Structures are given as C-alpha cells and as structure tokens.
Amino acid sequence: MALHARRIAASEALPLREIRLAALSDAPFAFARTHAEEASLPYSFWADRAAGNAQGIEGATFIALDDRSWLGLVGAYRPTNETAGADRSSAAGVDTVELVSMWVTPAGRGRGVGDLLVDAVLDWARGAGATRISLWVTEGNLPAIRLYERAGFTIEDAYKPLPSDPCRNERRMSRPVSATC
C-alpha cells in the first residue's frame, strides 16, 4: 500500500480527535497535554482545530495514511509574539515554524511515516516563507530524536520541563528550512 501525507481537511474533526487521543494514550510522555485534558474537549474544539489547520500559513496539521487508515499526524505553526514566549528564535529576523504533536501509530512505525510527516512540515514551512524549523522533544525519546536527527535537526542547549509531567525535560532541536539531508 502506498503511503502519503496530506493536509487535514476541515471536515475531519472526529478522525483528528481519534488519532490525537490514541497518541496521548500510547505515548503520554511525549506530549504537553494529557489524554484526560483533551478527551474532555468539546466537538467544537476539534472542528475549529481541523478547520483552522486545513489551510493558510499560520498553522497546519498533516496526516500520513495508506489506502486504509491514518498512520500518523504532525502539527506545525508559526509562533506569534503571544504564543512564542521563550520559544521564539533568538536570531533577529529568523522566521521560525514550530513542529508539534508528532505521532506515528504502531502500525505505521518502521515504514517511513515519521520521515513523510517531517517532510510535509518542511515543505509547508518553505511555502510559508520560514527560514528555520524548531521543535521540543522529550529527553529519552530516542526513536523521535533519531528521526529528527536523520532529518537534519540538531539538539540545542535549551531545555524545559514537560508541561504534562514536570519531572521530565524536553530538549530543543532545530534546523534551517532550506537544508537538505
């Protein structure tokens, strides 16, 4: 079966909710929010998320799928002064995209799904005029760290507590959008 990635459609609120909750159940250590927090969100939240990330250059959600099912998802957004805080690039004039909420289903692991999703975000970031792409990854999440290193990301000297579990730290990784690996 052929794998491909595409941007989420505005009408895909329910499948988005399903895969996001599956991600939070499977890998709670990898996300800033908990399953309980997101399971309690109303349908309108998911509808707004799907619709808001289906088009434009401020935020995007991509899904990877084969002929039968969704195999992973990833989000990306362009930080604003309000959302950036300490995450905004310190280099003046650098337009950064944040890669967030990456997850691959157990059925999709080892099939190149993660690479496909990272590539989708990189393509979107290029089209949005970004020059740098950054992310936070939980320390010890070696499969994710290896995926990001394979895609040209390097670990920076920045860390912060994981919001969903302050006993764990996240590390910052980034790369230029234009770099090829």
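Reader: How many salt bridges does the structure hold, and what makes a pair a salt bridge?

Author: The structure, a predicted model, holds eleven salt bridges. The term requires a side-chain nitrogen of Lys or Arg within 4 Å of a carboxyl oxygen of Asp or Glu. Local features here need pLDDT of at least 70, side-chain atom pairs count only at pLDDT 80 or more, and totals for chains, interfaces and linings use all residues. Residues are numbered from 1 along each chain as its sequence is written, and side-chain values use heavy atoms, with hydrogens and water left out.

Reader: Why is the contact of Glu-38 with Arg-20 called a salt bridge?

Author: The closest N and O atoms of Glu-38 and Arg-20 are 2.8 Å apart; the limit is 4 Å, so the pair qualifies. Glu-38 lies in helix H2 (residues 35-39) and Arg-20 in helix H1 (residues 13-26), 18 residues apart. Helices (H or I, at least four residues) and strands (E, at least two) are DSSP runs, numbered from the N terminus. Arg-20, Arg-33 and Glu-38 are linked in a network of salt bridges.

Reader: What makes Arg-150 and Asp-115 a link between separate parts of the chain?

Author: Arg-150 belongs to helix H6 (residues 142-150) and Asp-115 to helix H5 (residues 113-127), so their pair ties together parts that are 35 residues apart in sequence. The closest N and O atoms of Arg-150 and Asp-115 are 3.1 Å apart.

Reader: Is Asp-115 buried, exposed or partly exposed, and how do you know?

Author: Buried means under 20% relative accessible area, exposed over 50%, and partly exposed in between (1.4 Å probe, protein chains only). Asp-115 has 28% relative accessibility, so Asp-115 is partly exposed. Glu-38 and Arg-20, in contrast, are both buried.

Reader: Where do Arg-172 and Glu-98 lie, and what joins them?

Author: Their side chains meet in a salt bridge of 2.7 Å, N to O. Arg-172 is in strand E7 (residues 165-176) and Glu-98 in strand E4 (residues 96-104), 74 residues apart. Arg-172 and Glu-98 are both buried.

Reader: Why do strands E1 and E6 stand at the edges of the sheet?

Author: The open sheet of seven strands has the order E1-E2-E3-E4-E5-E7-E6, with mixed pairing. Strand E1 (4-7) and strand E6 (154-162) each have a single partner strand, so one side of each is left without a neighbour in the sheet. Neighbouring strands of this sheet are turned by 25° against each other on average, direction ignored.

Reader: How do you know that E1 pairs with E2, and E6 with E7?

Author: Two strands pair if DSSP finds at least two bridges between them. Four bridges join E1 to strand E2 (residues 59-65), so this pair meets the condition. Six bridges join E6 to E7, so this pair meets the condition as well. E1 and E2 run antiparallel, and E6 and E7 also run antiparallel. In E2, Ile-63 is the bridge partner of Arg-6, while Thr-154 stands opposite Ser-174 in E7. E6 and E7 form a hairpin with two residues between them.

Reader: Why is the pair of Tyr-148 and Phe-153 called edge-to-face?

Author: Rings of Phe, Tyr and Trp (its six-membered ring) pair if their centres lie within 6.5 Å; planes under 30 degrees apart count as stacked, over 60 as edge-to-face and the rest as tilted. The centres of Tyr-148 and Phe-153 are 5.7 Å apart and their planes stand at 65°, so the pair is edge-to-face. Phe-45 and Trp-46 form an edge-to-face pair too, at 5.0 Å centre to centre and 90° between the planes. Trp-46 has a relative accessible area of 1%, so Trp-46 is buried.

Reader: What makes a group of residues a nonpolar core, and which residues have the most contacts inside the largest one?

Author: A nonpolar core is a set of buried Ala, Val, Leu, Ile, Met, Phe, Trp, Tyr and Cys residues joined through side-chain atoms within 4.5 Å. The largest has 30 residues, and Leu-99, Val-118 and Tyr-148 have the most contacts inside it. H5 gives the most to this core, with eight residues. A second, separate core of 18 residues includes Leu-24, Phe-31, Leu-41 and Ile-63.

Technical notes:
Axes fitted to C-alpha atoms, helices over the stretch in contact; angles between N-to-C directions.
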